[in-house]
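Let's take a friendly walk through a protein fold, one step at a time. Keep the picture beside you and look for each part as it comes up.

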Amino acid sequence: MALSWFSAQRRAVFTRIGVVFAALSLAACQSIIPGGQRPQEEVPPTVEQPPERPIEQGIPEDQERQRVALLVPMTGNNASVGQSIANAANMAILDTGGERVRITTYDTAAQGGASGAANRALADGNRLFLGPLLGDNVRVVGPLARSAGVPVISFSNDTGVAGNGAYVMGFTPAQAIDRVVGYAYDNGARRFAALIPEGLYGQRAQAAFNQAVTSRGGRVVATGSYSRSGRSLQLAVTQLNGEDEFDALLVADSGATAAQAVEQLRSLGRENVQIMGTELWNNQPNLGSNAAMRGAIFASVPDGMFQTLSRRYRERFSGSPYRLSSLGYDAALLVVRIAQSWEPGSAFPVSELLDEGGFTGVDGAFRFSQSGIAERALEVQRITASEPTVVSPAPTGF
């Protein structure tokens with residue numbers, strides 16, 4: 001992740017995102033997507049739903065507030081994740097006062113799918129899209145929104161959908177891999193190996209890993225590829241063990257898969273290898289219950305403010321939020337911040353998204369690059385027998 005963590009922009013960020021910091025202080029006081037603990041009981045979000053009048057009639061233009069569409073699945077397999085994001089976005093509006101913003105939720109899994117949701121949102125006069133959640137849906141919604149001059153801030157982590165008016169706000173593997181490899185290198189690792197799953201995620205993880213290692217002067221000595229099966233993983237670990245010695249091993253997969261691989265690796269005598277993981281591990285508690293995983297490190301967004309959000313979410317909705325709900329909260333905070341100078345009825349000021357000083361929220365500091373991908377300030381955590389311990393805090397700005 002090509003970030004200059006301690007540049008002069010670090011001071012500037014506090015001025016530019018003062019409104020958002022105030023919102024966070026207020027908050028502290030008061031395919032199926034993987035997530036955190038499934039909520040015990042979901043209460044329907046209080047975010048305003050689209051009026052039941054015929055789409056072709058439209059709705060009266062809001063003269064005092066900007067209309068923003070939240071495009072998430074509210075039915076189907078990912079309904080719980082979508083509802084959690086919608087609830088969190090609504091919390092952000094309530095926490096900040098948000099008088100200049102009107103967020104309406106559109107179901108991307110309802111009849112008509114993502115394109116139907118986008119067309120309804122455009123007919124209702126929305127000038128900005130938050131979402132969709134899935135990369136495939138961004139590919140559908142993007143051209144429709146672009147033709148209407150409406151930017152898309154998606155919750156996807158698929159960097160391939162970024163650009164041409166679409167922005168990716170999700171947690172991307174490349175940045176987590178760069179951060180954790182950098183930490184391992186700074187602590188003495190020079191010879192690196194990786195276990196990479198087949199598929200698009202694996203391809204991008206492999207490219208990010210090679211770049212992160214070689215750019216620092218390290219050497220990639222071995223790579224094992226596997227399909228999503230225990231037997232394939234076992235064969236990949238056995239093959240990897242037969243390669244040259246290595247100081248650190250990246251397992252670019254879930255914590256559960258990593259645990260299987262690391263147990264086997266340890267049994268083969270590789271006791272002193274530093275195990276590394278990606279942002280996927282941040283969704284999986286209790287990894288330290290497996291002794292083989294203790295001492296492993298991974299990079300992710302900071303978790304401190306999310307714990308506060310989770311507590312307040314449970315108080316309001318009687319259930320636990322998914323980890324991705326923070327994207328809804330932070331996206332709404334970003335809109336509230338920009339809405340201070342965004343006149344109702346006018347086009348969304350895209351240039352505000354590219355502020356080099358960035359923004360901050362539940363998931364720490366972030367900014368959008370010219371490519372449309374959110375660059376994030378990440379921390380490194382080490383797995384222990386109890387809770388993961390932060391061994392390298394996330395920078396507070398850029």
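## How the helices pack

Helix 3 (residues 79-96) and helix 11 run past each other with axes that come within 7 Å and cross at roughly 35 degrees. Keep in mind as you look that this is a predicted model. The crossing of helix 3 with helix 11 is right-handed. On the helix 3 side, the contact is made by Ser 84, Ile 85, Ala 88, Ala 89, Met 91, Ala 92, Ile 93, Asp 95 and Thr 96. Helix 11 answers with Ser 325, Gly 328, Tyr 329, Ala 332, Leu 333 and Val 336. Sorted by class, this contact of helix 3 with helix 11 has 10 nonpolar, 4 polar and 1 charged residues.

Helix 3 also packs with helix 10, at an angle of about 100 degrees and with the axes 11 Å apart. Are these two helices roughly parallel or roughly perpendicular to each other? An angle from 65 to 115 degrees counts as roughly perpendicular, and helix 3 and helix 10 are therefore roughly perpendicular. Helix 3 brings Gln 83, Ser 84, Asn 87, Ala 88, Met 91, Leu 94 and Asp 95 to this contact, while helix 10 brings Leu 309, Arg 312, Tyr 313, Arg 316 and Phe 317. By class, the contact of helix 3 with helix 10 has 6 nonpolar, 3 polar and 3 charged residues.

Now move along to helix 8 (residues 230-241) and helix 9 (residues 255-267), whose axes come within 10 Å and cross at roughly 45 degrees. These two helices are therefore oblique to each other, and their crossing is right-handed. Leu 233, Gln 234, Val 237 and Thr 238 of helix 8 meet Thr 257, Gln 260, Ala 261, Gln 264 and Leu 265 of helix 9. In this contact of helix 8 with helix 9 there are 4 nonpolar, 5 polar and no charged residues.

| Helix pair | Axes | Angle |
|---|---|---|
| Helix 3 and helix 11 | within 7 Å | roughly 35 degrees |
| Helix 3 and helix 10 | 11 Å apart | about 100 degrees |
| Helix 8 and helix 9 | within 10 Å | roughly 45 degrees |

## Looking inside

In soluble globular proteins, nonpolar side chains tend to be buried together. With that in mind, let's look at the cores. The largest nonpolar core has 71 residues, and those that touch the most other members are Leu 130, Phe 155, Val 181, Phe 192, Phe 209, Met 276 and Phe 368. Helix 11 (residues 325-339) gives the largest share of this core, 10 residues. Which residues does Val 181 touch, leaving aside those up to four places away in sequence? They are Phe 192, Phe 209, Ala 212, Val 213 and Met 276. There is also a second, separate core of 26 residues, with Leu 233, Phe 246, Ala 261 and Leu 265 among them.

Is Val 335 buried or exposed? Val 335 counts as buried because its relative accessibility is 0%. Leaving aside residues up to four places away in sequence, Val 335 touches Val 68, Val 101, Leu 128, Leu 130 and Trp 342. The C-alpha atoms of Val 335 and Ile 103 are 9.9 Å apart, although 232 residues separate the two along the chain.

Helix 4 (residues 113-123) has its own buried residues: Gly 113, Ala 114, Gly 116, Ala 117, Ala 118 and Ala 121. They pack against strand 1 (66-72), strand 2 (101-107), strand 3 (128-130) and helix 5 (135-147). Just after helix 4 comes Gly 125, with a positive phi of about 85 degrees.

## Details in the loops

The loop between strand 3 and helix 5 holds Pro 132. The peptide bond that leads from Gly 131 to Pro 132 is cis, with omega near 5 degrees.

Two other loops have a residue with positive phi. Asn 164 is in the loop between strand 4 (152-154) and strand 5 (166-168). Its phi is positive, about 55 degrees, although Asn 164 is not a glycine. Asn 164 counts as exposed because its relative accessibility is 61%.

Ser 318 sits in the loop between helix 10 (304-317) and helix 11. Ser 318 is not a glycine either, and its phi is a positive value near 55 degrees. With a relative accessible area of 43%, Ser 318 is partly exposed.

Note on methods:
Residues numbered from 1 in each chain as written. Predicted model: local features only at pLDDT ≥ 70, side-chain atom pairs only at ≥ 80, totals over all residues. Heavy atoms only, no water. Axes fitted to C-alpha atoms, helices over the stretch in contact; angles between N-to-C directions. Helix = DSSP H or I, 4+ residues; strand = E, 2+ residues; numbered from the N terminus. Parallel < 35°, antiparallel > 145°, perpendicular 65-115°, else oblique. Left-handed = near helix turned anticlockwise from the far one by under 90°. Contact = heavy atoms within 4.5 Å. Nonpolar A, V, L, I, M, F, W, Y, C, P; charged D, E, K, R; others polar. Core = buried A, V, L, I, M, F, W, Y, C linked by side-chain atoms within 4.5 Å. Buried < 20%, exposed > 50% of the residue type's maximum accessible area, 1.4 Å probe, protein only.
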